[in-house]
Amino acid sequence: MAREIRIEISDEAYEQLQRAAAEKQVPAEAYAGRVLDADLARARFREGARLFVAEHAAGFAERFGGPVASADAA
């Protein structure tokens with residue numbers, strides 16, 4: 001289900017948003033949604049990778065060698 005949000009940005013930021021959207025030939029609102037989706041996808045990927053490393057680093061190091069860094073280093 002799609003949700004709608006309302007945000008306030010500066011005039012300068014909106015002008016940049018309009019230019020970027022025009023380059024992609026999409027409405028500014030659609031472009032902003034795509035950028036937000038991509039940013040959130042990166043954040044989810046990074047969190048998943050961090051959790052994977054925290055869970056499997058010791059076993060991987062045991063099998064293949066190498067130092068085991070703390071999960072915070074990931």
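Predicted model: local features only at pLDDT ≥ 70, side-chain atom pairs only at ≥ 80, totals over all residues.

A: Glutamate 47 has 35% relative accessibility and counts as partly exposed. Arginine 50 is also partly exposed, its relative accessible area being 31%. Side chains of opposite charge can pair when their charged atoms come close.

The structure has 2 salt bridges by the rule used here. Aspartate 39 and arginine 42 form another, in which the closest N and O atoms are 3.5 Å apart. These two residues are 3 residues apart in helix α2, so about one helical turn separates aspartate 39 from arginine 42. Aspartate 39 is partly exposed, with a relative accessible area of 40%. For arginine 42 the value is 41%, and this residue is partly exposed too.

Leucine 40 is also found in helix α2. Its relative accessible area is 41%, which makes leucine 40 partly exposed. Together with Ile5, Ile7, Ile9, Tyr14 and Leu36, Leu40 forms a nonpolar patch on the surface, and the accessible area of the patch is about 570 Å².

Helix α2 covers residues 28-64, and it holds both phenylalanine 60 and phenylalanine 64, 4 residues apart, about one turn of the helix. A search of the whole structure gives 1 aromatic pair. Phenylalanine 60 and phenylalanine 64 make up that pair, which is tilted, with 4.7 Å between the centres and 45 degrees between the planes. Phenylalanine 60 is exposed at a relative accessible area of 54%, and phenylalanine 64 is exposed at 55%.

The protein has 2 helices and 0 strands. Helix α1 takes in residues 11-24, which is 14 residues, and it reaches 20 Å from its first C-alpha to its last, close to the 20 Å expected at 1.5 Å a residue. Leu17, Ala20 and Ala21 are the buried residues of α1. Viewed down the axis of α1, they fall within an arc of 100 degrees, so the buried residues line one face of the helix. Asp11, Glu12, Ala22 and Glu23 are exposed on the other side of α1.

For the protein as a whole, 8% of the 74 residues count as buried. Its accessible surface is about 6800 Å², and 53% of this belongs to carbon and sulfur atoms.

Conventions:
Residues numbered from 1 in each chain as written. Heavy atoms only, no water. Phe/Tyr/Trp six-rings, centres within 6.5 Å; stacked < 30°, edge-to-face > 60°. Buried < 20%, exposed > 50% of the residue type's maximum accessible area, 1.4 Å probe, protein only. Areas by Shrake-Rupley, 256 points an atom, 1.4 Å probe, with all protein chains shown as cover. Patch = residues over 30% accessible without salt bridge, like charges linked within 9 Å, V, L, I, M, F, W, Y side chains within 5 Å. Salt bridge = Lys/Arg side-chain N within 4 Å of Asp/Glu carboxyl O. Expected span 1.5 Å × (residues − 1). Arc of directions from axis to C-beta.
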